Amino acid sequence: MKQSNGTNPKKLIGLVATAILAVAALIMGIRVAGLVQLTREEAGRTPTPSPRIGNIMAVTIDPNAPTPAPVIRHGAQGEAVKELQARLQSLGYYSGEIDGQFGPGTRDAVTLFQQWNGLEADGVVGSETSARLYSADARPMTATAPPSAAPAWSSADMPLLVNRTNYLPEGYQPSELVNMADYCDSQVVRIKTADIRGERVAVDALMTMLRAAQAQGIEVWQVSEGYRTLEDQQKLFDDQVAVYIRDNGLSRTDAESATRKTVADPGTSEHHLGLAFDITVPGVSFKGTEQAAWLAANCWDYGFILRYTEEKESVTGFLAEPWHIRYVGVEHAAVMRDENLCLEEYLQRCGV
Ligand SMILES: [Zn+2]
């Protein structure tokens, strides 16, 4: 709109000044509202927040937005944590004290709940986890997965089979490898060499499992092997063949067939998936240790299977390896434990 030529300049200045004051007052009001909201959010996380004035400017403020439910994570305490622990306990995920302290036990229970409910398993109670946890759809942890679950899987949901006759699909790439020495808590597990990697979802499940073992007094754990590339596997294979030729005087053909008894051909090792780990105890043979017994009894609850057992040697074609675990997810692992099926048998039963 065009301004009228007849406006008195002094009156115009007065109007503009009034408008500026009004806008300033509005902004101040919004900032104060924002400070109140910030204080409320922080109070949800920490017991004694002391909001600094400097925080006011750093916060993006929408005065009309509803106050979000506070995120509850490791280190939190208070009534909200008690409520969380009670809920997790009633669903079968938590067996510790209802003490309002969000420690490792509560975090493990949250992670397990997330795994069983198809949520991102990060151990943090954000809006999505909170909504599911307190809804009627919250899935309780059961010792036995419902049998009806198995036929409902589509082949894309099933664990990938890699063995002597089922090669790794060409071009297969793990989705998110993490360097385990950097990623894992060294108080919980020793990572034998600095280059060991694993798929993040499996490494997270491994850490949840080993923290639970530690809480039960089984404390010394080491990871000796994780993800292996095709080139790594080729080198392992070739090195073993060279040893048989050099030390045992075998022909190349004989050395290769001897090697195949203990080393998988490139493309046929589960370690290519990034979902398999060799768990050991430094300095001792793993078989017969309390760690081996704990792993065999409990790994299933955390989504792992003991991949090569004595009982299933004729099906898997591998000698028993009590140290080799494979992540398949809790729902598959629970059925395989309850029905005593190795992966080959389980996939066949599911028609995959
Ligand atoms: Zn292995």
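# Close-up views of helix packing

**View 1. H3 passes H4 in a left-handed crossing.** In such a crossing, the near helix is turned anticlockwise from the far one by less than a right angle; clockwise is right-handed. This is a predicted model: local features need pLDDT of at least 70, side-chain atom pairs count only at pLDDT 80 or more, and totals for chains, interfaces and linings use all residues. Residues are numbered from 1 along each chain as its sequence is written. The axes of H3 and H4 come within 11 Å and cross at roughly 55° (lines fitted to C-alpha atoms over the stretch in contact, with angles from 0 to 180 degrees between N-to-C directions). H3 and H4 are therefore oblique to each other (under 35 degrees is roughly parallel, over 145 roughly antiparallel, 65 to 115 roughly perpendicular, the rest oblique). From H3, Val-81, Leu-84, Gln-85 and Leu-88 take part in the contact (C-beta atoms, placed from the backbone, within 7 Å). Their partners in H4 are Thr-106, Ala-109, Val-110 and Phe-113. By class, this contact of H3 with H4 has six nonpolar, two polar and no charged residues (Ala, Val, Leu, Ile, Met, Phe, Trp, Tyr, Cys and Pro are nonpolar; Asp, Glu, Lys and Arg charged; the others, Gly among them, polar).

**View 2. Tyr-94 sits in the loop between H3 and H4.** Is Tyr-94 buried or exposed? Tyr-94 is buried, because 22 other C-beta atoms lie within 10 Å (20 or more is buried, 12 or fewer exposed, in between partly exposed). Tyr-94 and Ala-109 are 15 residues apart in sequence. In space, their C-alpha atoms are 5.4 Å apart. Tyr-94 is in contact with Gln-85, Leu-88 and Gln-89, and also with Thr-106 and Ala-109, leaving aside neighbours within four places in sequence.

**View 3. H4 is mostly covered.** Ten of the 13 residues of H4 are buried. Among them are Thr-106, Asp-108, Ala-109 and Val-110. Phe-113, Gln-114, Gln-115 and Trp-116 are also buried. Which helices do the buried residues of H4 pack against? They pack against helix H3 (79-90), helix H5 (127-133), H7 and helix H12 (330-338). Just after H4 comes Gly-118, with a positive phi of about 70°.

**View 4. H4 also packs against H7.** Helix H4 covers residues 104-116 and helix H7 covers residues 200-215. Their axes lie 10 Å apart, at an angle of about 140°. H4 and H7 are therefore oblique to each other. H4 passes H7 in a left-handed crossing. H4 brings Pro-104, Gly-105, Asp-108, Thr-111, Leu-112 and Gln-115 to the contact. H7 brings Ala-205, Thr-208, Arg-211, Ala-212 and Ala-215. The residues of this contact of H4 with H7 divide into five nonpolar, four polar and two charged.

**View 5. Thr-111 lies in helix H4.** Thr-111 is buried, because 26 other C-beta atoms lie within 10 Å. What does Thr-111 touch, not counting residues up to four places away in sequence? Thr-111 touches Ala-121, Gly-123 and Thr-208. Thr-111 and Asp-204 are 93 residues apart along the chain. Their C-alpha atoms are separated by 8.9 Å.

**View 6. H8 passes H9 in a right-handed crossing.** Helix H8 spans residues 230-248, and helix H9 spans residues 252-259. Their axes come within 8 Å and cross at roughly 125°. H8 and H9 are therefore oblique to each other. On the H8 side, the contact involves Phe-237, Gln-240, Val-241, Tyr-244 and Ile-245. On the H9 side, it involves Arg-252, Ala-255, Glu-256, Ala-258 and Thr-259. The residues of this contact of H8 with H9 divide into six nonpolar, two polar and two charged.

**View 7. Asn-340 has a positive phi of about 50° although it is not a glycine.** Most residues other than glycine have a negative phi. Asn-340 lies in the loop between H12 and helix H13 (343-349). Asn-340 counts as exposed, because it has 11 C-beta neighbours inside 10 Å.

View 8. Buried residues make up 29% of the 352 residues. Among contacts between residues at least 6 apart in sequence, 62% join residues at least 24 apart.

How values were computed:
Contact = placed C-beta atoms within 7 Å. Helix = DSSP H or I, 4+ residues; strand = E, 2+ residues; numbered from the N terminus.
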